[in-house]
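Q: I have a model open and want to learn to read its packing. Where do we begin?

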Amino acid sequence: MTASAVTHGQQPAQPLKSAKLAAQTNTLVSKLWNYCNVLRDNGMSTIEYVEQLSYLLFLKMVDEIENDPWDGQDMTELVPAEYNWQSLVSKRGPELEKHYRNTLEHLGRHPDTTIGTIFADAQNRITKPALLERLVVDLIGQEEWTVTGTDLKGDAYEGLLNKGASDTKTGAGQYFTPRALIDAMVDVTRPGPKDTITDPACGTGGFLIAAHSYIRDHHMKTMSLDERKAYDSGRKIWGNELVTATARLAAMNMLLHGIGKSDGPSLIHVGDALADKPSGKHATLVLANPPFGRKSAITVIGQDGEVEKEDIQYDRDDFTATTTNKQLNFLQHIMSLTAVGGRAAVVLPDNVLFEGGAGEKVRRKLLDEFDLHTILRLPTGIFYAGGVKANVLFFDKKAPRADGKPHTTETWIYDFRTGQHFTLKQRPLTRAHLDDFVAAYRPGEPLSARVESEDENGPFRKFSYDDLIARDKVNLDITWMKDPALDDADSGLAPEVIAEEIVRDLQAALNEFTAIARSLGGEVDVPEAEVE
């Protein structure tokens, strides 16, 4: 038989995972995490541990597939016998460590495949042979991973990634979007089997996995076999990630969630998404949270012909404005990447809504040539990056109108920031916190079905195109709500929450002043604050 996916044949999942599954996931995460603590004591970061775990999990699952007594498959074309799992467990001490290094080097020689993405530039970070032996024999070797349900394997792996995100010293948190926010964005955009789905800054693949899970939960029973296989080929779902190490985590994360094939085309492309305009491959649904941080080491030449010189040149004639603002460039890229008739949901910082110059040009194009129908103002305290104030922009791409009129008629803004207080540990964001927004959005219904908040200080209001375009610099950073906690000394907020919010507000203000200084030509180097 030919080599097949490491994970395959999943059954439609229930919309709500059972308490039993959650308990199994927590048990498995705890087991894997406990060993991570041993390696951390020896100088390895959490993300480095998850990388090593990815390599070994892959080899163990290939071995289980090959030795399945009922449906064994020949996997030697994918992983030769001299580099398979059995070749590892047969060795001990320094010999095992040397063989592991040789194995990683060999398995990276599969360009453009999932296995190639997982093992690209792979290196052994476990320098003590005794620790490697314990990981191979005592932890990975004691579990049967292929018989473990797709949801359990995927959730356990994602649980480790989330733990790694909290490791502020490695900066891993920049690749993570809160799962509660991802799920809400997916719930309102309602991915379907006809969609082509992408994330041009996919990190560890959270948006792609959530979209695939939504389709599996809501449409799997009605999908044809060809429609299901389309997700393995990369024709239906794919991502892009700049950093090789993060791309490998995304590829493994997707594989463990039952997306793609180990010997099939890689669903994660490694490289700079902004380097080239989309050529023939557009998506009907784009979900993204581009990396925070304003500056890029690039030169961007847009339609306006202006040049802002840096190190690497992006010659994008599909860009309306020239800028080195990374988020504005990602927004312009996503506007090009979205297919006509498609839709996008993108997390972007406040400066994209109010910055002048290039920002104003991009916002005018967004209102005129797209339907920017919804903005969700996000609270602080939900991202690992300090001092971030962000929003989700929801927009549809339309064909040009013969009458030249703008596609946006009204934009609905849901203020989920004012009066909301979250922290990563004491009060983390949950999906339930976003229930009111999802209900107000009315997924699948026309905008005419929406209802503004009855209270003038309510969170949901609409603004006409004429109102927006008349604002100074087309500023879309609009707020009208008053935080009751500001007038109530007995608001019940814990002192540590108040202190953290003060730190975040100061960091956000510093970020905005830094952006202004840079726009005026100043060179400002401000380290990110570590706020836990």
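A: Begin with contact, which means heavy atoms within 4.5 Å. In this protein, residues 24 or more positions apart account for 75% of the contacts with a separation of 6 or more.

Q: What kind of model is it, and how are residues numbered?
A: It is a predicted model: local features need pLDDT of at least 70, side-chain atom pairs count only at pLDDT 80 or more, and totals for chains, interfaces and linings use all residues. Residues are numbered from 1 along each chain as its sequence is written, and side-chain values use heavy atoms, with hydrogens and water left out.

Q: How many helices and strands does the protein have?
A: Both are DSSP runs, numbered from the N terminus: helices are H or I with at least four residues, strands are E with at least two. The protein has 17 helices and 12 strands.

Q: What share of the residues counts as buried?
A: Buried means under 20% relative accessible area, exposed over 50%, and partly exposed in between (1.4 Å probe, protein chains only). Of the 532 residues, 55% count as buried.

Q: At what angle do the axes of α2 and α4 cross?
A: Axes are lines fitted to C-alpha atoms, for helices over the stretch in contact; angles run from 0 to 180 degrees between N-to-C directions. Helix α2 (residues 46–66) and helix α4 (residues 93–107) have axes that come within 12 Å and cross at roughly 80°. So α2 is roughly perpendicular to α4; that class covers 65 to 115 degrees, with under 35 roughly parallel, over 145 roughly antiparallel and the rest oblique.

Q: Which residues make that contact?
A: Gln-52, Tyr-55, Leu-56 and Leu-59 of α2 meet Tyr-100, Thr-103, Leu-104 and Leu-107 of α4. By class, the contact of α2 with α4 has 6 nonpolar, 2 polar and no charged residues. Ala, Val, Leu, Ile, Met, Phe, Trp, Tyr, Cys and Pro count as nonpolar; Asp, Glu, Lys and Arg as charged; the others, Gly among them, as polar.

Q: How do α8 and α9 cross?
A: The axes of α8 (residues 179–189) and α9 (residues 206–219) come within 10 Å and cross at roughly 50°. Therefore α8 is oblique to α9. By class, their contact has 7 nonpolar, 1 polar and 3 charged residues.

Q: Is Ile-126 buried or exposed?
A: Ile-126 is buried, with a relative accessible area of 1%. Ile-126 is found in the loop between α5 (114–119) and α6 (129–139). Leaving aside neighbours within four places in sequence, its contacts include Leu-39, Gln-52 and Glu-97.
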